[in-house]
Amino acid sequence: MREHMIKTLVASAAFGLALTGMAYAEPVDDKLVIEGEEGTLELVTSTKAPDHLQEVMDTIYSGWHYREDDTRAMQKDDFDNPAMVFVDRGRDLWNKAIGKNSESCAGCHNGPESMKGLRAVTPRVDAKTGKLMTIENYVDACVTERMGLEAWGWTGDKMKDTLALISMQSRGEVVNVAIDGPAAPFWEKGKEIYYTRFGQLEMSCASCHEENQGLFIRSDHLSQGQINGFPTYRLKDAGILSAQQRFVGCVRDTRAETFKPNSDEFKALELYVASRGNGLSVEGVSVRH
Ligand code: HEC
Ligand code: HEC
């Protein structure tokens with residue numbers, strides 16, 4: 001209890017907030033069993049922290065455990081999950097002959113099921129090029145080099161619909177990004193960024209998501225900042241949000257200049273943050289407030 005009070009003081013000082021209203025609560029005790037077209041699927045939303053985190057925490061939790069009852073409920077039934085509209089749109093796009101010479105994703109990859117497992121292991125270092133690749137990077141490589149189109153970029157509808165569709169193929173699989181071998185230098189760089197204090201508030205990702213998870217900040221229950229639920233349907237934006245878009249928002253909240261999606265910095269950070277969730281289920285497309 002005393003420890004929580006000290007944490008509260010530190011966080012309140014950093015945010016310049018009044019002390020009143022800074023409360024702590026455990027992640028909600030609940031199970032994420034999803035009703036979908038293919039029956040029910042139980043996801044791993046909390047588990048033992050991966051080895052590299054053992055010194056700082058015992059248990060990792062999906063951000064789902066920190067959301068309110070109605071938001072959690074929306075993710076329990078695909079019929080109520082507003083993200084499924086975007087997944088369907090992604091499927092239509094997948095089958096369309098949109099390439100310069102009428103290529104389609106389906107023409108080369110068959111069904112989107114061929115992407116099963118990818119979301120659980122990305123970002124990853126591509127064996128052929130040695131580059132750190134996110135799903136968006138893979139998609140844009142095909143869009144430009146194999147379909148003769150302009151890159152889709154990171155924030156447009158086509159990319160986000162496709163990202164949602166591809167991520168759904170790995171729903172229920174356990175996140176397992178590699179952090180050793182060729183991934184090690186990228187992972188180290190991402191870790192360094194995670195613990196760097198940015199902006200006027202001098203706060204790092206860890207200041208909020210490691211040291212102060214469980215606190216309420218501006219009535220928001222602070223999670224561990226995991227990305228196993230990404231992309232997510234954000235109710236506030238009424239649209240799909242990728243992990244790196246979420247990072248942009250968080251860095252801005254510290255009143256710092258932020259990196260851009262697809263920058264080397266954010267790609268390394270995405271790998272590092274993904275590795276903090278090794279052991280949690282990919283949620284496909286989650287629902288957040
Ligand atoms: C000033 C405190 C603060 C800092 C610093 C901060 N965040 Fe956040 N972050 C929040 C709040 C508040 C939310 C919304 C509630 C939640 O999910 O924790 C959030 C949400 C998130 C989420 C969404 C989790 C989910 O499951 O929906 C991710 C991912 C995330 N942050 C990553 C980061 C990363 C990476 C950094 C460092 C670049 C960072 N955050 C820095 C406050 C912060
Ligand atoms: C002309 C054929 C072709 C088209 C069209 C094409 N791709 Fe690809 N795609 C490939 C090849 C070849 C690879 C690389 C496979 C490898 O390196 O093992 C690839 C790799 C990928 C990967 C990485 C998969 C993995 O497991 O490593 C993704 C994701 C991807 N494509 C998505 C798409 C999407 C989305 C579209 C449609 C917008 C698309 N591709 C269109 C041929 C194509």
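Visitor: Which helices each supply at least two residues of the shell around ligand 1?

Guide: Keep in mind that this is a predicted model. Helix H9 (205-209), helix H10 (243-253) and H11 each supply at least two residues of that shell. H10 gives the largest share, six residues.

Visitor: And which residues come nearest to ligand 1?

Guide: Out of 26 residues around ligand 1, the nearest are Gly63, Cys205, Cys208, Ser223 and Cys250. Sorted by class, the shell around ligand 1 holds 13 nonpolar, nine polar and four charged residues.

Visitor: H11 came up there. How do I read its packing against H8?

Guide: Two numbers describe a pair of packed helices: the angle between their axes and the distance between the axes. Here, helix H8 (residues 184-194) and helix H11 (residues 264-276) pack at an angle of about 90 degrees, and their axes are 7 Å apart. Angles of 65 to 115 degrees count as roughly perpendicular, so H8 and H11 are roughly perpendicular to each other.

Visitor: Which residues meet in that pair?

Guide: From H8, they include Phe186, Trp187 and Ile193, and from H11, Leu269, Leu271 and Tyr272 are among them. By class, this contact of H8 with H11 has nine nonpolar, two polar and three charged residues.

Methods: Residues numbered from 1 in each chain as written. Chains lettered and ligands numbered in written order. Predicted model: local features only at pLDDT ≥ 70, side-chain atom pairs only at ≥ 80, totals over all residues. Axes fitted to C-alpha atoms, helices over the stretch in contact; angles between N-to-C directions. Helix = DSSP H or I, 4+ residues; strand = E, 2+ residues; numbered from the N terminus. Parallel < 35°, antiparallel > 145°, perpendicular 65-115°, else oblique. Contact = placed C-beta atoms within 7 Å. Nonpolar A, V, L, I, M, F, W, Y, C, P; charged D, E, K, R; others polar. Near = placed C-beta within 6 Å.
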